[in-house]
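Please examine the protein shown below, with its sequence and its model side by side. The paragraphs that follow lead from the whole chain to selected residues.

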Amino acid sequence: SGKPGRAKRPRAGPPPAPSAPVEGSSKTIDADVSSLLGELLGLTLEHTGKAAVMSVASPGRPPRFNKYSGVVEWRNALFLWVNIGGADYTNAFSNGGERITWFGGSRMH
């Protein structure tokens, strides 16, 4: 028996199973990591922004993804979007560029 005046809360069950990825989303295809690392790393892309990066990372048609998220999940990789410069975020490189602080926002828990 609990304290007087307080109802017992039911025990929480297991979390719900994740839903299946949407057809055409980044979660259903592999990113072309070898091309990104072998041919494009360090180069300036013709177009900027998340959609441009997703386009060059995709071996075919650009996948669907949440442009407001700080993370994009692929079948074989995770992309972390990092803002460099500006006053809104405090992402910073350290250890000679080998490490970065990353602000994921309140929904990244």
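Among contacts in the protein between residues at least 6 apart in sequence, what percentage join residues at least 24 apart? The share is 45%, where a contact means heavy atoms within 4.5 Å. The model is a predicted one, in which local features need pLDDT of at least 70 and side-chain atom pairs count only at pLDDT 80 or more, while totals for chains, interfaces and linings use all residues. Residues are numbered from 1 along each chain as its sequence is written, and side-chain values use heavy atoms, with hydrogens and water left out.

The predictor's confidence in each residue is given as pLDDT, from 0 to 100. The mean pLDDT of the protein is 83, and 83% of its residues reach 70 or more. Confidence is highest in α2, at a mean of 93, and lowest in strand β3 (residues 92-94), at 81.

The secondary structure consists of two helices and four strands. Helices (H or I, at least four residues) and strands (E, at least two) are DSSP runs, numbered from the N terminus. Along the sequence they follow the pattern α-α-β-β-β-β.

How much of the protein counts as buried? Of its 109 residues, 17% do; buried means under 20% relative accessible area, exposed over 50%, and partly exposed in between, with a 1.4 Å probe and protein chains only. The protein exposes about 9300 Å², and carbon and sulfur atoms supply 53% of this area. Such areas come from the Shrake-Rupley method with a 1.4 Å probe, and for residues only the protein chains shown count as cover.

Helix α2 contributes A52, M54 and A57 to the buried residues. The cover over the buried residues of α2 includes α1, β1 and β2.

The loop between α2 (50-57) and β1 holds S58. Is S58 buried or exposed? With a relative accessibility of 7%, S58 counts as buried. Leaving out residues up to four places away in sequence, S58 touches I29, P63 and W74. The side chain of S58 also reaches the backbone oxygen of R61 at 2.8 Å. This is a polar contact, that is, a pair of N or O atoms within 3.5 Å; within protein, one must be able to donate a hydrogen and the other to accept it, and residues adjacent in sequence count only if both atoms are side-chain atoms. S58 and V33 are 25 residues apart in sequence, and their C-alpha atoms are 9.1 Å apart in space.

A charged pair comes next. A salt bridge requires a side-chain nitrogen of Lys or Arg within 4 Å of a carboxyl oxygen of Asp or Glu, and by this rule the count comes to one. The partners are D30 and R75, whose closest N and O atoms are 3.2 Å apart. Because D30 lies in the segment before α1 (33-40) and R75 in the loop between β1 (71-73) and β2 (78-80), the pair ties together parts that are 45 residues apart in sequence. D30 is partly exposed, at a relative accessible area of 33%, whereas R75 is exposed, at 57%.

Which residues make the nonpolar surface patch of about 470 Å²? L80, V82, I84, F93 and I100 form it. Patches are made of residues with over 30% relative accessible area and no salt bridge; like charges are joined within 9 Å, and nonpolar side chains (Val, Leu, Ile, Met, Phe, Trp, Tyr) within 5 Å. One of the patch residues, I84, is found in the loop between β2 and β3 and is exposed, at 66% relative accessibility.

Strand β3 contains A92, which is partly exposed at 36% relative accessible area. Apart from its neighbours within four places in sequence, A92 is in contact with R99, I100 and T101.

Finally, N95 occupies the loop between β3 and β4 (99-101). N95 has a positive phi of about 55° although it is not a glycine, and at 44% relative accessibility it is partly exposed.
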